[in-house]
Amino acid sequence: MSKEGDYVSHEFHFKSGETLPELRIHYATFGTPVRDANGRVTNAVLLLHGTSGSGTQFLVPQFAGVLFGPGQLLDVARYYIILPDNIGHGKSSKPSDGMRAHFPQYDYDDMVRSQHELLEAGLGVNHLRLILGTSMGCMHSWVWGETYPDFMDALMPLACQPVQIAGRNRIWRKMVMDGIRDNPDWKNGEYRVPPRSALEIAAAMFYIASGAPLRMQKTLPTRDATDAGDEDFTKRFIADHDANDLLYAVNASRNYDPSPQLEKIAVPVMFVNSADDFINPPELGIAEREIKRVKKGRFVLIPISEQSQGHGTHTWAAVWQQYLKELLEASQP
């Protein structure tokens, strides 16, 4: 069973210069921390979720059912698993709590610093056995490796690039943000009725960005099936997302760029992307180029298959768990 809680950071200062009197970070944990003779935690694993998601994304059968059980790679009887909801996401402090567009303009550096504070001040965790992040969490992993290079034994970034967001990846994000800001119902964030057409644009972009062409063609083989699938996804997306929260979450990536400091990363890194990822297409060659600058880095490209899930392959642990096993073995303290 998991334990849930909220850590409150008082007078949290954002990189933008803004301050929040109370920043709430919600989290769930599995297992129990173990300490060595010096009081250092030896078994903590931090799992970092994607844009507009929450820590609950890791509780699905294709992730938790493959990794958290007895004898599995992240067996909760052996590891202390930590699942935070990041700033602006899940049950943590976010614009839709009441501040709307007056909420501080957080970025990835703020999010990583709040994760670090949660661990040290909130949970008493002074070291991590592993950081595994997916999508936005993948990008956070690179920031962690550069900002706190001695805090963890290993990093496993899944589904991102260690460079600033540009090209097609920036375009689809900009379309989502412009769709919200330019919508007359948005009213600078003070809407009474959600800007539905803006959320429909966002839903369409997320559907495309997260989908795998081969799998979508197989599961949606006709025009009618595709239209019905799109309608269903859009309905669920709109029900689950607030426009201000979504705008902030996507915009948080605006100044992300770990590339100048990749040499600072000292621990083993197992970097994994999927060949059918719309957001991080393999033909860019970025991952292969940049991983050479990471002292103990390795890059793996998951080939397109019946098992790959496009960008969402990051949550299907059966596809890549062999590489997690190799990383854990290679990074034994």
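Cut-offs first: I call a residue buried under 20% relative accessible area, exposed over 50% and partly exposed in between (1.4 Å probe, protein chains only).

The model is predicted, so to speak for the record: local features need pLDDT of at least 70, side-chain atom pairs count only at pLDDT 80 or more, and totals for chains, interfaces and linings use all residues. Residues are numbered from 1 along each chain as its sequence is written, and side-chain values use heavy atoms, with hydrogens and water left out.

**Salt bridges**

I looked up the salt bridges (a side-chain nitrogen of Lys or Arg within 4 Å of a carboxyl oxygen of Asp or Glu). The structure has 16.

I started with E4 and K91, whose side chains pair up at 3.7 Å, N to O. This pair ties together distant parts of the chain, 87 residues apart: E4 sits in strand β1 (residues 3–13), K91 in the loop between β4 (80–84) and α2 (108–122).

Next came D97 with R24, where the closest N and O atoms are 3.2 Å apart. Again distant parts of the chain are linked, with D97 in the loop between β4 and α2 and R24 in strand β2 (residues 19–30), 73 residues apart. D97 is partly exposed at 43% relative accessible area, and R24 is partly exposed too, at 26%.

Then I checked R293 and E263: 2.9 Å between the closest N and O atoms. R293 lies in the loop between α9 (286–290) and β8 (297–302), and E263 in the loop between α8 (243–251) and β7 (269–274), 30 residues apart. How exposed is R293? I get 25% relative accessibility, so R293 counts as partly exposed. E263 comes out at 37%, also partly exposed. Shared partners put E263, R289, E290 and R293 into one salt-bridge network.

**Cavities**

A cavity here is a set of points on a 1 Å grid over the protein atoms alone where a 1.4 Å probe fits but cannot get out; lining residues have an atom within 4 Å of a point. Points are joined across faces, edges and corners, and the volume is the space filled by probe spheres set on them.

I found three cavities of 30 Å³ or more. Which residues line the largest cavity? I noted A212, L214, R215, K218, D276, S305, E306 and S308. By class that lining has two nonpolar, two polar and four charged residues. My classes: Ala, Val, Leu, Ile, Met, Phe, Trp, Tyr, Cys and Pro are nonpolar, Asp, Glu, Lys and Arg charged, and the others, Gly among them, polar.

Definitions and conventions
1 Å grid on protein atoms, 1.4 Å probe; cavity = no way out; pocket = protein on both sides within 12 Å on 5 of 7 lines; lining within 4 Å. Helix = DSSP H or I, 4+ residues; strand = E, 2+ residues; numbered from the N terminus.
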